[in-house]
Amino acid sequence: MRYLITLLISTSMLFAWGKTGHRIVGMIAEENLTPEAKEQIAGILGHTDLARISNWPDEIKSDPKWDHTHDWHYCTIFDGKEYEGPEAGGRAIQKVVEFSDLLPKGVLSDRDQKNILCFIVHIVGDLHQPLHVGNGTDRGGNAVDVTWFRDSTNLHSVWDSKMIDHMQYSYTEYAQQIQLALTDEEKAGLLNPDIMAYVSASRAAHGQVYDIGDGNLSWKYIYKNRELMEDRLLRGGFHLAAVLNNIFQ
Ligand SMILES: [Zn+2]
């Protein structure tokens, strides 16, 4: 029984930005694609959108056929160090680079093309959740026990979903809210496809993310971190659009 519980818990811990977070990133990206990218993506995915397909790489994790993809959702940068490659733990960066290169070449089967595109959408989103760029010591905050409004959980889960869900917006509402204050110029400035820039920003947020006091998190933690969380979601959407616009020219 204990084994089963452990198994269930560790499986749920592997999830990234919760479903809403990925959909927000997907919807913002969708709205900022070039016409060329939009058309080519529709050719691959058919009649759907980026928000809808964004959670698929998490949904397949329970199927052993996809076990080899479990470390595609995160990367590791040790304290005080630069990124040292996938050997440090997690292949997220490697996979985005590899897939971005592979996709436009037209050598993949229709199904592989679709799967790989889904993974790019998902992984770029994940890399904006600060705890998916781990420090190599606590499984991206999964080993950091906290309470969230008195319920036991861990820091990773607070950032995946608990803070987002607390806002009680649908993903479409939230995607709109986050973009409201932006001018067109600011939007254009956010369209940066440089993966290391957004990974570094996630990692640089750790000082704030890990500032958890006695670990009993509620309103105070939300006041302090809401802006950061929304900034990561916003940039996730724009960076994803930039990555896709780059691939599908
Ligand atoms: Zn993920």
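This is a predicted model: local features need pLDDT of at least 70, side-chain atom pairs count only at pLDDT 80 or more; totals for chains, interfaces and linings use all residues.
Is the crossing of α2 and α9 left-handed or right-handed? The chain averages a pLDDT of 92, and 94% of the residues score at least 70. The stretch from residue 1 to 14 is another story: its pLDDT is below 50, and it has six contacts in the model beyond near neighbours in sequence.

Find α2 at residues 19-31 and α9 at residues 171-179; their axes come within 9 Å and cross at roughly 55 degrees. That angle is why α2 counts as oblique to α9. As for the opening question, the crossing is right-handed. Who does the touching? On the α2 side, look for Thr20, Arg23, Ile24, Met27, Ile28 and Glu31. From α9 come Tyr171, Thr172, Tyr174, Ala175, Gln176, Ile178 and Gln179. Sort the residues of this contact by type and you get seven nonpolar, four polar and two charged.

Which residues coordinate the zinc ion? They are His73, through ND1, His122, through NE2, and Asp126, through OD, at 2.1 to 2.2 Å. Along the sequence, these donor residues follow the spacing H-x48-H-x3-D. So how do His122 and Asp126 sit relative to each other in helix α7? Helix α7 covers residues 110-126, and because His122 and Asp126 are four residues apart in it, about one helical turn separates them.

Terms used
Residues are numbered from 1 along each chain as its sequence is written. Side-chain values use heavy atoms; hydrogens and water are left out. pLDDT is the predictor's confidence in each residue, from 0 to 100. Contact means heavy atoms within 4.5 Å. Axes are lines fitted to C-alpha atoms, for helices over the stretch in contact, and angles run from 0 to 180 degrees between N-to-C directions. Helices (H or I, at least four residues) and strands (E, at least two) are DSSP runs, numbered from the N terminus. Angles under 35 degrees count as roughly parallel, over 145 as roughly antiparallel, 65 to 115 as roughly perpendicular and the rest as oblique. A crossing is left-handed if the near helix is turned anticlockwise from the far one by less than a right angle, and right-handed if clockwise. Ala, Val, Leu, Ile, Met, Phe, Trp, Tyr, Cys and Pro count as nonpolar, Asp, Glu, Lys and Arg as charged, and the others, Gly among them, as polar. Donors are N, O and S atoms within 2.8 Å of the metal (3.2 Å for Na, K and Ca); water is not among the atoms, so sites may look incomplete.
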